[in-house]
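This briefing is written to be read beside the sequence and the coordinates.

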Amino acid sequence: MKKSKESMYLFGLCLSLMLEICGVMLFIAKKGGISPEIISLFYFSRRIKNEIQYFLITLNQMGYLIALGRTLFPYFLIKLAMNYSMIPVIRRKQWITRGGSVLPVITLILYYPGMYRFITSDSPLVQIILVNGTLFWMTSYLLIAAFLLVYEFKSITMKFCKKQFSQIMICLFALSGIYYLYYRQDPGQVYRFYWYTYSWSKGIGYMQVNPSLFSYLTLVIISVICCILGFYSLFRFTRRTYMDNKEDVVMERKFDSVKVGVSVFVHSMKNQLLSNRVVFKRIDQLYGQPEVDVQRLREYITTLEEVNTLMLGRMEELYRCAKSNAIYMVPVSVKEIMEHTLTLFREKYPDACVHIDAGAETVILADKIHLCEALYNLLINAQEAVLSSERKEDGEVALLCHNERLYTVIEIRDNGCGMDKSHTKKIFEPFYSSKNSNYNWGMGLYYVREIVKSHFGSLRVESRKGKGSSFYILLPKYQ
């Protein structure tokens with residue numbers, strides 16, 4: 001996985017939750033006084049429980065382990081929620097995101113064993129204020145993060161983006177559910193284990209004097225459900241990110257392995273095709289001979305000339321994809337790019353109907369020529385998919401623009417023949433094509449993908465066999 005704020009916050013979230021649960025499990029085992037049924041349910045066997053119980057760790061270390069996990073989880077959660085949020089005041093005011101670290105830092109300082117004993121040794125009231133104060137800000141962080149995530153989810157309009165965001169949101173809510181079960185365990189209860197004050201008389205779930213099997217069973221069931229939902233969603237999210245990154249590396253290696261050979265091949269073929277033009281002229285000289293069928297000869301010449309021109313065009317396309325192209329990005333409106341793309345498209349399909357929606361006056365940072373060429377390739381593919389499906393008047397090709405979160409999304413959609421999953425995994429590979437190899441060399445979509453990557457964007461595809469396809473170009477918003 002590539003390093004990013006998102007991945008680092010997720011790692012911190014999981015690590016802090018693990019620290020807290022480990023500390024709590026150690027404390028429960030060392031506290032003792034639990035029934036054999038609870039031991040079997042919580043630790044599976046008395047042997048495991050005894051090993052945990054006699055694990056060498058001081059009360060100070062165990063308490064601060066709980067303090068670290070308990071304090072850092074809401075911090076990483078709200079940082080992640082703010083990272084996802086598109087609310088203008090949060091994105092523009094950096095002091096808001098930085099201010100979220102003040103309370104966690106103060107809490108970790110106050111709960112440091114020496115500091116905690118110093119400020120609470122002669123003042124039970126300070127202890128009560130500290131317990132209630134930390135619970136208040138941690139609960140507030142959980143609620144604020146939940147609000148930001150739900151608000152962001154409801155603000156997303158595209159099904160494609162909503163589906164992606166739902167995976168990480170389910171993961172965060174599930175992990176928060178596990179945290180909620182344990183976060184009332186105050187580290188001071190561990191530090192002052194041999195003390196009894198008013199702060200602990202309220203009882204904290206699993207710390208009750210006479211816990212029932214039902215209460216433990218409920219706790220474990222909820223924990224298991226949250227774990228399954230959370231880590232399954234996290235697995236899907238990380239797997240998708242890993243596969244995307246892996247695909248980039250594989251594609252790059254595949255193309256690098258043939259790049260040199262392609263350049264040599266193109267050079268030699270271009271020379272051969274240029275030589276064919278000389279042959280065409282010599283054939284044309286045969287027109288004057290009385291025994292030659294001039295009409296048929298001219299038909300052959302015309303056919304060869306068309307093939308020659310087509311092959312030269314394909315060679316130029318292949319060579320353009322093989323060599324490094326310079327990208328010059330400037331601010332340009334999406335509407336202007338769409339209009340220019342449609343002009344190119346009309347040259348090949350003048351009668352085709354394309355639905356266009358540029359939305360608001362959106363400006364992106366792009367190389368107009370290259371991006372228009374990429375969109376042109378996708379529009380041509382969409383139109384050919386509609387024609388091959390024989391939908392006739394019901395065929396539909398659309399070029400749309402969406403503004404979603406940090407991206408300006410350009411969508412090319414059709415209701416053509418569509419593709420199955422095995423096909424969609426290969427379409428971006430160089431030289432792969434399901435069309436007639438005499439007219440298509442399988443470089444179009446690879447070229448589109450490279451252009452999008454050079455714009456610091458990404459290319460996604462959704463397709464169903466017999467239903468159609470949608471290609472999404474996700475470009476960073478320009479501000």
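Accessible areas here come from the Shrake-Rupley method with a 1.4 Å probe. On that basis the accessible surface of the protein chain in this predicted model comes to about 26500 Å², of which 61% belongs to carbon and sulfur atoms.

**Overall make-up**
- The protein chain holds 17 helices and 7 strands, and buried residues account for 42% of its 479 residues.
- Of the contacts in the protein chain between residues at least 6 apart in sequence, 76% join residues that are at least 24 apart.

**Nonpolar surface patch**
- Val-105, Ile-109, Tyr-112, Met-115 and Phe-118 together make a nonpolar surface patch of about 530 Å², and the elements giving two or more residues to this patch are helix H7 (102-110) and helix H8 (113-120).
- Phe-118, which is found in helix H8, has a relative accessible area of 66% and is therefore exposed, the cut-off being over 50%.

**Helix H14 and its cover**
- Helix H14 (residues 334-348) has 15 residues, which at 1.5 Å a residue should span 21 Å, and this agrees with the 22 Å that separates its end C-alpha atoms.
- Val-334, Ile-337, Met-338, Thr-341, Leu-342 and Phe-345 are buried in H14; because they cover an arc of only 130° around the axis, they lie on the same side of H14.
- An α-helix has 3.6 residues a turn, so residues three or four places apart point the same way.
- The cover over the buried residues of H14 includes strands S1 (330-333), S2 (354-357), S3 (363-366), S4 (397-404) and S5 (407-414), together with helix H15 (368-389).

Definitions and conventions:
Residues are numbered from 1 along each chain as its sequence is written. This is a predicted model: local features need pLDDT of at least 70, side-chain atom pairs count only at pLDDT 80 or more; totals for chains, interfaces and linings use all residues. Side-chain values use heavy atoms; hydrogens and water are left out. Helices (H or I, at least four residues) and strands (E, at least two) are DSSP runs, numbered from the N terminus. Buried means under 20% relative accessible area, exposed over 50%, partly exposed in between (1.4 Å probe, protein chains only). Contact means heavy atoms within 4.5 Å. Patches are made of residues with over 30% relative accessible area and no salt bridge: like charges are joined within 9 Å, nonpolar side chains (Val, Leu, Ile, Met, Phe, Trp, Tyr) within 5 Å. A salt bridge is a side-chain nitrogen of Lys or Arg within 4 Å of a carboxyl oxygen of Asp or Glu. The expected span of a helix is 1.5 Å times one less than its number of residues. The arc is that of the directions from the helix axis to the C-beta atoms.
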